[in-house]
Amino acid sequence: MNEILYYSKGTHAERSATIDLEDLEQEHHSAMRHFEEGQEELHTLRKSEQTKQDQLEDDLLMLQRKEEEEQDAEN
């Protein structure tokens, strides 16, 4: 195998393989950037949704307390 690699140095096949490898590396880096951006966006969305859910739960508790106070005031 080393002999084949030695004799193929500088050939069109080696240049072609090198170019293909570089292209694949660029595609890999691009895909990883998109993946990381997606992860960041997902984290932001989750955080936003959690904040909304927390606020809704707080609002529900406040309404329940208010209803209880009104019922107690009626009695």
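Me: Which residues gather in a patch of negative charge on the surface?
Reply: This is a predicted model. Asp and Glu count as negative. Patch members need over 30% relative accessible area and no salt bridge, and like charges are joined within 9 Å. The residues that gather in this patch are Glu67, Glu68, Glu69, Glu70, Asp72 and Glu74.

Me: Is Glu68 buried, partly exposed or exposed?
Reply: Glu68 is found in helix α2. Buried means under 20% relative accessible area, and exposed means over 50%. Glu68 has 49%, so its class is partly exposed.

Me: How many salt bridges does the count come to?
Reply: The rule asks for a side-chain nitrogen of Lys or Arg within 4 Å of a carboxyl oxygen of Asp or Glu. Glu49 and Lys52 meet it, with their closest N and O atoms 3.5 Å apart. The count comes to 1 salt bridge.

Me: Why are Glu49 and Lys52 separated by about one helical turn?
Reply: Both residues sit in helix α2, which covers residues 12–74. Glu49 is partly exposed at 45% relative accessible area. Lys52 is partly exposed too, at 47%. They are about one helical turn apart because their spacing in the helix is 3 residues.

Me: How far apart are the mean positions of the positive and negative charges of the chain?
Reply: Lys and Arg supply the positive charges, Asp and Glu the negative ones. The chain has 8 positive and 22 negative charges. Their mean positions are apart by 6 Å.

Me: What radius of gyration does the chain have?
Reply: The chain has 2 helices and 0 strands. Its C-alpha atoms fill a box of roughly 100 × 20 × 10 Å along the principal axes. A compact globule of 75 residues would have a radius of gyration near 11 Å. The chain instead has 31 Å.

Me: What percentage of the 75 residues count as buried?
Reply: The chain exposes about 7500 Å². Carbon and sulfur atoms supply 53% of that area. To be buried, a residue must have under 20% relative accessible area. Of the 75 residues, the buried share is 0%.

Conventions
Residues are numbered from 1 along each chain as its sequence is written. This is a predicted model: local features need pLDDT of at least 70, side-chain atom pairs count only at pLDDT 80 or more; totals for chains, interfaces and linings use all residues. Side-chain values use heavy atoms; hydrogens and water are left out. Helices (H or I, at least four residues) and strands (E, at least two) are DSSP runs, numbered from the N terminus. The radius of gyration is taken over C-alpha atoms; the globule rule is 2.2 Å times the number of residues to the power 0.38. Buried means under 20% relative accessible area, exposed over 50%, partly exposed in between (1.4 Å probe, protein chains only). Accessible areas come from the Shrake-Rupley method with a 1.4 Å probe; for residues, only the protein chains shown count as cover. The place of a charge is taken as NZ of Lys, CZ of Arg, CG of Asp or CD of Glu. Patches are made of residues with over 30% relative accessible area and no salt bridge: like charges are joined within 9 Å, nonpolar side chains (Val, Leu, Ile, Met, Phe, Trp, Tyr) within 5 Å.
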